[in-house]
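Trainee: I would like to learn how to read a model of this kind feature by feature. Could we take the general idea of each term before the case at hand?

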Amino acid sequence: MPSIFAEDRNLMDVRMKRVLHPDAWSQRPLWGTNHVVSNVVIQKNSPKGEIEVRSRFHMMELRRDDVRHFAGSYTHHLKKTKDGFRIKLQRVDMTNAQAAYDYVLQVWV
Amino acid sequence: MLHERIQDLSRCVEPDRVRREVYTDPEIFELEMQRIHEQVWIYCGHESQVPKAGDYYTVQIGRQPMLMVRGADGRISVLYNRCPHRGNMMCGDRHGNAGDFFRCSYHAWTFQHDGTLRSIPMMESGYAGTRYGRDNPDCSMKRAARVESYRGFVFASLAKDGPALAEFLGASRVAFDDMCDRAPAGEVEIVPNCFRVIQHSNWKIFLENQLDALHPSVVHQSTGRAAHEVEKQIEKRTGRAPLSYHMLSAFATVTIDKWDNFQTLNYPYGHCILTGYMGLRPKDPDTVAYEKTLIKAYGKQRTEEILAVNIHHVLIYPGLSVQSPLQQLRAVRPLGVDRTLTEIWHFRLKGAPEPIYRRSLAYYNLVNSPATLINADDLENFWKCHQGLASDGGDWVSFGRHHGHDIEKDGTVETAPNCGTSEAPMRNQMSSFSTARRTCSTASAGRTGSICSRRTACTGCPPTRRTSTGTACRRSSPRTAT
C-alpha cells in the first residue's frame, strides 16, 4: 500500500498554502473535526527522550451538511522539547485504506 | 411522457450543445450502457495484473460484472462473474487466485479458467436424460463475445460484431505505444495497487473534463500557486526543485490565455488527444541516465523519436483516459446515472531506472490519491455540475467554444491554431454518443414514439418491458416529463 501523505516539509507547505487559498474549491467552507483517540500504548522509549506511541482513533468531520467518519490507527514519533512532547512523525493507517473512496482528505487526519 | 420527449435522440445532441437529460435521465443511462458500454471495446486490465494461472481480477463492463482470468495455457479470458447453474456470483473478492479451476460456493459446480464446465457433483446420476451436461454450452460460464489485447492492455467487447480492437483504437493506440516505447524493454508492468474514486456525477462529465484545456487554470489555481511559491523557495535554497513541484506549478505558470497554444486531435469513435504542456524532458541527472538506457536499447535516432511524442492525455471513448508520459491511466466504470467509479492505475517502465518510476509515482499520488492536491477540486466541480444539470434552470449544456473553427482532415478533427481550449473533444465525444444510438435503432428507425424501435423483440430491454415481434418497445417512464 503506497503512502498517500508521505510528505516532507516542502510538500506540507504546498498543502497548507493551497488549503488556505480562497479558490481551493473543494475546501470551502473549511471543515470542523472531532477526534477520539484511545488504546494509547507507548511502544518504544529512547534515552534521548523520543517515544513511539501507537493508538486507535475515530474522527468525525463536518463539511456543509455532510458528516464523514474515519477510523484506524495512529503511530506517533514524539520528541521531547522544553514545551513538552511534539510530533516528529505521524503515521495514519485507515481501516478502509483499500476500499473505494467517495471523499478526499486534504488535511492530516 | 419521457419516451415521447426523447423519442428522437438526435434532438438531444446538436453540433454545439447537448440536452441536460443526457447526463441526468436514468433511462438514457440504461440505454447508453446497453448500446455503448456493452457493445464497444472496454479496457479490462493489464496482462501483468494476472501473471499466474488462475489469477483473476473482477471488472465492470457497462452493468455487467466480469472476471479477467489467466488460464494454465497463459491465455487470458474475460467471463461473466456468474455461475450458469443458479446465477451465483463466482468470485466475491475483487481479485485473487481461483486455484486450478473455479468452484461455485453454492453447489460446487466447477469450471476451467476459460469458463468451460469441468464438473458437477454427481453429474451422471443427477442429470441423466436432461438437457444439462458438458455438451450444453449453457452449462459453462458465459464469455465476453470478444477479447483482444494491445501491447499488454486487455480489452473486451460484449458484442459479437463490431470493429477489431486495433481498428477501434485507431490513432489512440499511441497511448499504449507511447507508454511502452518509453520503457527500454519496450513494455510496462502494472503496479498492483489501484486508487478507486467514486464520483457523484455522470460518467460523461469526467470524460469531458479530461481534455478540457480551459479548466486547469481556474480549478487548480490554488495548488498551482502554492506549489510555484514553494518551488521558487526550493530553487533559491538548493538551485533545483524536484520535478513534482513543476508538475503542480504548471497549473499556475501556464496561464489561462496560454492554453489556446495547445492542440486537441479528435478521432472516430470519440477518441481524442490533448498535446503535452508540461515539458517533461528536463536535464536533471535522473533524466539523463534514463535517456542513456533508452539510447542503449533503441539507438539515438529512435530514442529521439520516442521522446519527441508530446502527449498529455489520450481519451479512449467511452471508458479510458491515459497519460502515457506519466505511465498512468484512469478507467471509468459507470455505476449509475449520477455515480461513477474511476480506477486509477500506474505502471513501471520495464528496464528504466528507479527514479523514473518514483517520478510517475509522485504524479500518481499528487493527482489521484485520496490526499490529491488536484483531483479534489475536479470532484467538487463534477458534483456541482451534476447538481446543476438536475435542475430546471436550463435545458442545454453548451459546447460552443471555438465551434466552426475545427479543421477536418482524413476523418480527424484538429483544432485550429490558437484554439487549444476548443470544446471540440466534447463535440467529438457527443458525436460518437449520438452515432451509437442511431446505429442501434436500425430496423424501424421511422417508427416514432420509441427510443428502442427494433422490429424484433428488443433483447436490450428488461424482460418485463420486452415487446412481442413487430411492436415498438415503449418503455414506461418512472417519472413524468416536464
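Trainee: How many residues of chain A are in contact with how many residues of chain B?

Mentor: Contact means heavy atoms within 4.5 Å, and by that rule 28 residues of chain A are in contact with 35 residues of chain B. Please keep in mind that this is a predicted model, in which local features need pLDDT of at least 70 and side-chain atom pairs count only at pLDDT 80 or more, while totals for chains, interfaces and linings use all residues. Residues are numbered from 1 along each chain as its sequence is written, chains are lettered from A and ligands numbered from 1 in the order in which they are written, and side-chain values use heavy atoms, with hydrogens and water left out.

Trainee: What area do chain A and chain B bury between them?

Mentor: Buried area is the accessible area (1.4 Å probe) that two parts lose on being put together, summed over both. Here chain A and chain B bury about 2800 Å² between them, and 57% of that area is on carbon and sulfur atoms.

Trainee: How many salt bridges does the rule find across the interface of chain A and chain B?

Mentor: A salt bridge is a side-chain nitrogen of Lys or Arg within 4 Å of a carboxyl oxygen of Asp or Glu, and the rule finds four of them across the interface of chain A and chain B. One of the salt bridges in the model joins the side chains of Arg63(A) and Glu380(B), with 3.2 Å from N to O. Polar contacts follow a separate rule: a pair of N or O atoms within 3.5 Å, where within protein one must be able to donate a hydrogen and the other to accept it, and residues adjacent in sequence count only if both atoms are side-chain atoms. Across the interface of chain A and chain B, 13 residue pairs are in polar contact, both residues being at pLDDT 80 or more.

Trainee: Which helix gives the most to the side of chain A that touches chain B?

Mentor: Helices (H or I, at least four residues) and strands (E, at least two) are DSSP runs, numbered from the N terminus. Helix H1 (residues 9-20) of chain A gives the most to that side, with seven residues. As to residue classes, Ala, Val, Leu, Ile, Met, Phe, Trp, Tyr, Cys and Pro count as nonpolar, Asp, Glu, Lys and Arg as charged, and the others, Gly among them, as polar; the side of chain A that touches chain B divides into 13 nonpolar, six polar and nine charged residues.

Trainee: What is the order of the strands in the open sheet of three strands in chain B?

Mentor: Strands of a sheet pair through backbone hydrogen bonds, either parallel or antiparallel, and two strands pair if DSSP finds at least two bridges between them. In chain B the order is S1-S2-S21, with antiparallel pairing. Strand S1 (13-14) and strand S21 (396-398) of chain B each have a single partner strand and stand at the edges, so one side of each is left without a neighbour in the sheet. Strand S2 (residues 17-19) of chain B is joined to S21(B) by three bridges, and Val18(B) has Val397(B) as its bridge partner in S21(B).

Trainee: Why is helix H3 of chain B described as largely enclosed by the rest of the structure?

Mentor: Buried means under 20% relative accessible area, exposed over 50%, and partly exposed in between (1.4 Å probe, protein chains only). Ten of the twelve residues of helix H3 (residues 26-37) of chain B are buried, so the helix is largely enclosed by the rest of the structure. The buried residues include Ile28(B), Phe29(B) and Leu31(B).

Trainee: Is Ser201(B) buried or exposed?

Mentor: Ser201(B) counts as buried, because its relative accessibility is 0%. Ser201(B) lies in the loop between strand S14 (195-199) and helix H7 (203-210) of chain B, and, leaving aside residues up to four places away in sequence, Ser201(B) touches several residues, among them Asp338(B), Trp383(B) and His386(B).

Trainee: Where are the cis peptide bonds that join Arg28(A) to Pro29(A) and Tyr317(B) to Pro318(B) placed?

Mentor: The bond between Arg28(A) and Pro29(A) has an omega of about -5°, and Pro29(A) is in the loop between H1 and strand S1 (32-45) of chain A. For Tyr317(B) and Pro318(B), omega is about 5°, and Pro318(B) is in the loop between strand S17 (311-316) and strand S18 (320-323) of chain B.
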